[in-house]
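Subject: Structure handover

Hi,

Here is the structure I promised to pass on to you. Have a look at it first, and then read on for my notes.

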Amino acid sequence: MSAADRRDELVRAAVPAFAQGGLHGTAVSTITDAVGVTQPYAFSLFKTKKGLFLAAVEHGFDRVEETFRAAASTTDPEERLAAMGQAYVGLLEDRELLRLQLQAYAASGDDEVRTVVRRRYARLYELVRELSGAGGDALRRFFGDGMLLNVAAAVDLPLFADDDAWLSECDPEAGGAAAGGGSPSAPARS
């Protein structure tokens with residue numbers, strides 16, 4: 001197997017590992033054992049564990065970009081933003097990719113990680129603008145809705161609830177209060 005193929009194999013194996021444990025909680029041996037290579041070989045390709053993590057993060061952003069490009073290519077210009085949103089909902093079914101994305105945001109306290117995540121997020125924003133022709137408010141709403149979908153998918157909330165019934169599943173006090181049935185003696189939530 002070529003070094004490029006082995007690199008791709010390591011990145012694919014890194015996605016679920018880093019999705020589970022994050023940058024600091026994942027042992028490189030977890031990834032190299034899954035692929036059947038030595039840690040020194042992995043370090044010869046990525047230099048550091050962080051280098052492998054960043055390659056996995058880049059892979060995740062690439063998948064989102066590919067998904068948006070595919071969705072935009074099959075619809076009329078005025079429907080592209082909605083089509084990309086629907087395609088993103090489908091992408092959220094890949095829980096490992098979703099959790100890796102969240103781990104990347106969480107690890108952004110590290111300067112190198114933050115630099116990559118900011119660059120790729122800005123590139124994704126520009127791609128959506130280019131493909132959809134949408135402006136500021138629509139783009140902010142699109143990305144805001146995307147983050148809400150990330151949180152809902154991460155904690156297994158219904159993605160398209162028509163009312164606040166899902167609140168009752170998560171927090172009966174909050175759900176009851178939202179539906180007008182909260183107890184007057186229930187403590188206030190802040």
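Before anything else, please keep in mind that this is a predicted model.

**Aromatic pairs**

I began with the rings. Searching the whole structure turns up seven aromatic pairs. One of them joins F18 and F53: the ring centres are 5.1 Å apart and the planes meet at 85°, and since an angle over 60 degrees counts as edge-to-face, that is the class this pair falls into. The two partners come from distant parts of the chain, with F18 in helix 1 (residues 3–25) and F53 in helix 4 (residues 49–73), 35 residues apart. How accessible are they? F18 is buried, at a relative accessible area of 0%, and F53 is likewise buried, at 0%.

Another pair is made by Y105 and Y121, whose ring centres lie 6.3 Å apart with planes at 80°, so this pair is edge-to-face too. Y105 belongs to helix 6 (residues 95–106) and Y121 to helix 7 (residues 111–132), so the pair ties together parts that are 16 residues apart in sequence. Here the accessibility values are 25% for Y105, which is partly exposed, and 28% for Y121, also partly exposed.

Which residues share an aromatic cluster with these two tyrosines? The cluster consists of F68, Y88, Y105, Y121, Y125, F142 and F143.

**K47 and K49**

K47 sits in the loop between helix 3 (39–46) and helix 4. K47, which is not a glycine, has a positive phi of about 70°. With 63% relative accessibility, K47 is exposed.

K49 is found in helix 4 and is partly exposed, with a relative accessible area of 23%. What does K49 touch, leaving aside residues up to four places away in sequence? Its contacts are F18, L23, H24, T26, V28 and F43. F18 on that list is the buried residue that pairs with F53. For T26 there is a further detail: a polar atom of the K49 side chain lies 2.9 Å from the backbone oxygen of T26. Finally, a distance to check in your viewer: the C-alpha atoms of K49 and Q39 are 9.8 Å apart, and the two residues are separated by 10 residues along the chain.

Best wishes

Note on methods:
Residues numbered from 1 in each chain as written. Heavy atoms only, no water. Phe/Tyr/Trp six-rings, centres within 6.5 Å; stacked < 30°, edge-to-face > 60°. Helix = DSSP H or I, 4+ residues; strand = E, 2+ residues; numbered from the N terminus. Buried < 20%, exposed > 50% of the residue type's maximum accessible area, 1.4 Å probe, protein only. Contact = heavy atoms within 4.5 Å. Polar contact = N/O pair within 3.5 Å; in protein donor to acceptor, adjacent residues only side chain to side chain.
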